[in-house]
Amino acid sequence: MKEVLLCKYGELILKGANRSYFEGLLMKELKARVRRAGDFDIHRAQSTIYIEPLNDDCDLDLALEYAKKVFGIVTINRACVVEKNIEAIYQAAKEYLPQFMKGVRTFKADARRADKRFPMKSPELAGEIGAAVLEAMPNLKVDLYDPDIVVRVEIREQGAYIHAGQFKGAGGMPLGSSGKGLLLLSGGIDSPVSGFMMAKRGVTLEALHFESFPYTSERAKEKVLELARILCEYSTRIKVHVISLTHIQEELRDHCDEDYFTLLLRRYMMTLAERVARRNKCGAIITGESLAQVASQTMRAIAVTDSVVNMPVYRPCIGLDKEEIIDIARRIGTFETSILPYEDCCTVFTPRHPRTRPEPEKVIAEENKLDFKALCDEAFETLNTYDIRIDED
């Protein structure tokens with residue numbers, strides 16, 4: 001009995017004349033991921049992508065796990081495919097479906113005929129499938145309105161596809177369909193979530209991390225690189241750029257009003273981020289800020305830090321509370337790494353009474369105590385880049 005994966009996509013269907021462009025990106029990404037699980041034939045028809053093993057060495061379980069993390073795919077069905085005759089369909093349903101229905105008490109049978117030449121109409125076909133399931137699992141009950149699981153046969157050009165339930169895909173838009181953005185990756189909980197959320201909307205990611213050695217450790221940087229590796233399960237490849245802020249922070253500590261330290265530091269960070277973004281052809285900066293979560297993330301503080309850049313700054317977490325962000329972090333697998341106790345640069349020389357309602361004139365006056373451009377130029381020279389890939393050992 002031949003097994004395949006049926007991948008369904010959602011909002012791509014609404015793209016009209018541009019739909020083929022988005023489908024092409026989705027197919028390219030899916031093929032790149034799934035080939036790591038073996039030699040598969042991957043093709044699309046009728047808003048469905050078929051993943052079919054070409055030999056016995058293919059790992060369909062692994063292919064399924066990879067497909068779940070490809071943006072653009074909404075649901076995935078693991079199905080068996082048989083000839084389009086009712087005897088073969090009935091027998092396959094009886095033998096194949098029970099493995100997916102352990103612990104299930106109620107079910108509903110459904111049928112779809114993409115190939116209208118099939119002689120049996122959908123309601124009759126659904127009845128046959130339901131009968132096959134009840135013969136194999138007589139303790140089950142039919143529930144047409146709120147079943148535990150739906151079993152289905154789809155009659156398509158290539159054959160009859162039989163499956164039960166479905167796996168949730170990553171959703172969103174295909175990677176690369178919305179340009180490239182530079183993620184400020186701090187090592188905390190919020191910034192990886194922001195990166196995931198923007199990647200889900202089709203943004204290819206690069207990342208920028210600021211270190212403060214020796215005030216922060218080498219393990220803090222390794223933690224950030226590990227977060228990038230986890231994000232690569234969704235985003236395939238991320239270049240992580242690392243810049244040292246040590247000298248800037250020491251100069252701020254020695255010459256500027258402590259209350260303005262965080263705001264001034266963030267202005268340096270945003271300026272350096274824009275320089276890195278433009279060098280790497282990124283169309284926007286992405287941060288993990290959530291409104292009012294900390295002193296530097298008030299509305300007025302954000303306005304002060306944004307005023308030094310001339311490109312879009314995206315903050316996908318801006319309206320989420322901490323619990324909502326943590327829920328996403330747990331789901332995508334970054335939470336346990338994010339909470340490792342290695343400090344990032346923002347925890348160095350933290351002011352006791354940071355300004356939450358800063359006056360721009362006062363901020364600029366403090367900033368003018370130092371040679372802003374010279375310090376940025378010096379920091380930029382410390383840049384190192386790490387190329388993180390999904391297939392990295």
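# A walk through the predicted model

Begin by selecting Lys281, which is exposed, with a relative accessible area of 70%; exposed means over 50%, buried under 20% and partly exposed in between, using a 1.4 Å probe and protein chains only. Lys281 sits in the loop between H8 and strand E13 (284–286). Its phi is near 60 degrees, a positive value in a residue other than glycine. Helices (H or I, at least four residues) and strands (E, at least two) are DSSP runs, numbered from the N terminus.

A word on what you have open: this is a predicted model, in which local features need pLDDT of at least 70 and side-chain atom pairs count only at pLDDT 80 or more, while totals for chains, interfaces and linings use all residues. Residues are numbered from 1 along each chain as its sequence is written, and side-chain values use heavy atoms, with hydrogens and water left out.

**Zoom out**

Now show the whole protein chain, with its 13 helices and 15 strands. Its C-alpha atoms fill a box of roughly 85 × 40 × 35 Å along the principal axes. Of the 393 residues, 51% count as buried. Colour by contact next (heavy atoms within 4.5 Å): among contacts with a separation of 6 or more, 79% come from residues 24 or more positions apart.

**Into the core**

Setting aside neighbours within four places in sequence, Leu252 is in contact with Phe261, Leu264, Leu265, Tyr268 and Leu370.

**Rings to find**

Turn to the aromatic side chains, where a search of the whole structure finds seven pairs. Rings of Phe, Tyr and Trp (its six-membered ring) pair if their centres lie within 6.5 Å; planes under 30 degrees apart count as stacked, over 60 as edge-to-face and the rest as tilted. Select Phe71 and Tyr234: their ring centres are 5.8 Å apart and their planes at 25 degrees, so this pair is stacked. Phe71 belongs to the loop between helix H2 (60–68) and strand E4 (73–82), and Tyr234 to helix H6 (residues 218–235), so the pair links parts of the chain 163 residues apart. Both Phe71 and Tyr234 are buried.

**Two backbone stops**

Follow the chain to Pro214, in the loop between E11 and H6. The peptide bond from Phe213 to Pro214 is cis, with omega near 10 degrees.

For the last stop, go to the loop between H6 and strand E12 (237–244), where you will find Thr236. Is Thr236 buried, exposed or partly exposed? Thr236 counts as partly exposed because its relative accessibility is 22%. Its phi is positive, about 70 degrees, although Thr236 is not a glycine.
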